[in-house]
Amino acid sequence: SVCADNDGTSLLRGSDDLHNILRMLRLVARVCRLDKTLSEELILMAEFQKACRGLRDDIECMLLNNTEESDLLVDVQDSLFEAMGIPCCRRMPFTDEELKMRLPLVYSLSSVDSLNKVMVLVHQVNRRQSSQTDVGFVMWPSAIILATWLLTNPSTIEGKTVIELGAGCALTGLVAAHIQSNHKSDNQHIFITDVHETVLQNIQSNVLLNDASGCTSVNKLDFYSHDGSRDDDAWIEGEWRGCDECRREQVDVILGADVICCIEDAWATAKTIRAALRPRGSCFLVSAESKSRFGVEALEKACVENGLEVNSRSVRSMYDGKLYTHDLTTACGFEPSMEFMFCRISKRDG
């Protein structure tokens, strides 16, 4: 135990030690609330469990014999129980390889001219994907391409309201937040959205991990909640974390990376863009081409029939191919031979 000498004598010798232990326990509890991944790893460590048991025994003994410090001891005991009581469904400690896999991905991204740079930490969801709805658990290559394009064209979102659709691990939204943090404006905001509850929780953790709370919010948005009607002039925020479903004002810019997995997704995406984008606003989508992503081929027709203008081009033709970076190899399903398309979608007046 860290709380006792080799002969079993308590190392808690007075109020200074108790105050230090209290600060340490409160720090542990706070970190574990903010980072569920670290929380799971910490409470499965044999050393942590042993230290907590030893400290618990010391405190119980001191409470019986030390009335002067009883209030402080109770505070320490409460914080200890909070640290020991962090829920975890796993019982076996993680292997070294598993611990490496649970570390966040580190993206050191830069614009194609290397003038704008940012480092972003991204946790993926450490759970097996069981259906197509779980695609947001992992990083996809289009998010890296779109994030690099944003760093190259920061004025696209500076001072503007922005939605990231189907954010997944939220790399693009986090880069957008970094850009806006360097351009102070009362009118700008990033709405990072997805529909999957577990994905939304992971996004919230990534926002906190990157200290991006100041200019962002995490919101539930379901593509299929918009019907494409002419009077659909707002986007619908879904019920999540105690907030009721509500209609939100249209935004200036919409971002999306690999958001289409089937033909129905293409139509739902077009209807959502129509509902959420202001007249004369712009949407920027990046996706693997149709031979790698089923349903992408329907996007242009779906947009046109919803009153949107589409301009598409090959990503490889842009900036002499510099949007293809080595970071793409960290993304799920990436192959060097993959081709990606970049779509700029505009909304007409009226």
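This note sets out points on the fold, surface and pockets of a predicted model.

1. Residues are numbered from 1 along each chain as its sequence is written, and side-chain values use heavy atoms, with hydrogens and water left out. Because the model is predicted, local features need pLDDT of at least 70 and side-chain atom pairs count only at pLDDT 80 or more, whereas totals for chains, interfaces and linings use all residues.

2. The protein has 10 helices and 11 strands, these being DSSP runs numbered from the N terminus (helices H or I, at least four residues; strands E, at least two). Of the 350 residues, 48% are buried, that is, under 20% relative accessible area with a 1.4 Å probe, protein chains only.

3. Among contacts (heavy atoms within 4.5 Å) with a separation of 6 or more, 73% join residues 24 or more positions apart.

4. The largest pocket has a volume of about 790 Å³; a pocket is an open set of points on a 1 Å grid over the protein atoms alone, where a 1.4 Å probe fits, with protein on both sides within 12 Å along at least five of seven lines, and lining residues have an atom within 4 Å of a point. Its 27 lining residues include Lys36, Thr37, Gln201, Asn202 and Ser205, the closest to the centre. Two or more residues come from each of α1 (15-34), α2 (36-43) and α8 (197-209), with the largest share, seven residues, from α8.

5. The second largest pocket, of about 650 Å³, is lined by 32 residues, of which Val135, Gly166, Asp194, Val259 and Cys261 lie nearest its centre.

Key: Buried < 20%, exposed > 50% of the residue type's maximum accessible area, 1.4 Å probe, protein only. Points joined across faces, edges and corners; volume = space filled by probe spheres on them.
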